[in-house]
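Thanks, everyone. Let me put the model on the screen and walk through it.

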Amino acid sequence: MEKVKNHFEDEANEFDSLILKLIPYYREMVTSLVTVIPFDTSKPIKVLDLGCGTGNVSKAVKERFPKSRITCIDLAENMIEMARSKLSRYNDIKYQRGDFRELEFEKGYDVVVSSLALHHLPRDEEKKEIYSRIYDTLRKGGVFYNSDIVLGSSNYLNNLYMEKWKDFMLKNLSLDEIEEKWIPKHREEDFPVCLLDHLDWLCNTGFKDLDVVWKYSEFAVFGGCK
Ligand SMILES: C[S@@+](CC[C@H](N)C(=O)[O-])C[C@H]1O[C@@H](n2cnc3c(N)ncnc32)[C@H](O)[C@@H]1O
């Protein structure tokens, strides 16, 4: 996790422009994540954003749910600082710097969201464990949605997704930068698993109404309700 932390400490200032060059349809993905939150937009819902980064998801939550009270957690101090600055007009957002595997979560959240963060957990057991902790932290009827990098169900699909991802990055970045920087970082720091496994684990944890609400190649938004 030290590598992941250092990566995002170093990248925080450029993150918002870089993410648009690296992740296809990033804005659409975040919009999908927030659009599926099924609550009255005038209510003061309690939200947890795991791996908040520079605050893009929390900002989208605040725009849709102006009275929401959000807790933002991130490993990297510099990412938290970017989020604080982006969300400075709101006084009902709490920030916690730390590893979400180790931090204790309050009880009674209406919503837990996470975007492009949980795939950094190296082991399947850690992913299952965080799903179980998310379930425990939600109130009954609360929802969890995750937008993340996932694997497909066959090598053929995974190779196809990787080619499509490289083609997308090539529109914005040089082949050298993709092959010498971003693909090696992906191999070292990202541990995506098959989308169907995520759904299985979420189902076994107790989540209901599970669905994949958006997908493009290896990027998916999925989740359900407690
Ligand atoms: C690719 S960024 C995504 C940021 C934001 N969610 C978004 O979609 O714009 C991943 C973020 O997750 C954070 N992160 C990764 N693993 C984490 C962990 N175990 N605990 C807390 N934060 C973590 C990183 O520091 C980084 O800021």
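The protein has 9 helices and 7 strands. Those are DSSP runs numbered from the N terminus, with helices as H or I of at least four residues and strands as E of at least two. The radius of gyration is 17 Å, close to the 17 Å that the globule rule gives for 226 residues, so the protein is as compact as a globular protein of that length. That radius is taken over C-alpha atoms, and the rule is 2.2 Å times the number of residues to the power 0.38. Along the principal axes, the C-alpha atoms fill a box of roughly 45 × 40 × 30 Å.

Two caveats. This is a predicted model: local features need pLDDT of at least 70, side-chain atom pairs count only at pLDDT 80 or more, and totals for chains, interfaces and linings use all residues. Residues are numbered from 1 along each chain as its sequence is written.

Now the inside. Buried residues make up 38% of the 226. Buried is 20 or more other C-beta atoms within 10 Å of a residue's own, exposed is 12 or fewer, partly exposed is in between, and C-beta atoms are placed from the backbone. The largest nonpolar core holds 54 residues, and Leu33, Val47, Val111, Val112 and Val113 touch the most other members. Strand β5, residues 138-149, gives the most to this core, with 5 residues. A core here joins buried Ala, Val, Leu, Ile, Met, Phe, Trp, Tyr and Cys through C-beta atoms within 7 Å.

Take Val111. Which residues does Val111 contact, leaving aside neighbours within four places in sequence? Ile37, Ile45, Val47, Gly142 and Val143. Contact means C-beta atoms, placed from the backbone, within 7 Å.

Next, the ligand. Its shell has 21 residues, and the closest are Gly51, Gly53, Leu75, Ser115 and Ala117. The cut-off is a C-beta atom, placed from the backbone, within 6 Å. Helices α1 (2-11) and α4 (56-64) and strand β2 (69-74) each supply at least two shell residues.

Most residues other than glycine have a negative phi. Leu116 has a positive phi of about 55°. Leu116 sits in the loop between β4 (109-115) and α6 (124-137), and counts as buried with 22 C-beta neighbours inside 10 Å. Ser217 also has a positive phi, near 50°. Its loop runs between β6 (208-216) and β7 (219-225). Ser217 is partly exposed, with 19 other C-beta atoms within 10 Å.

Note on methods. Contact = placed C-beta atoms within 7 Å.
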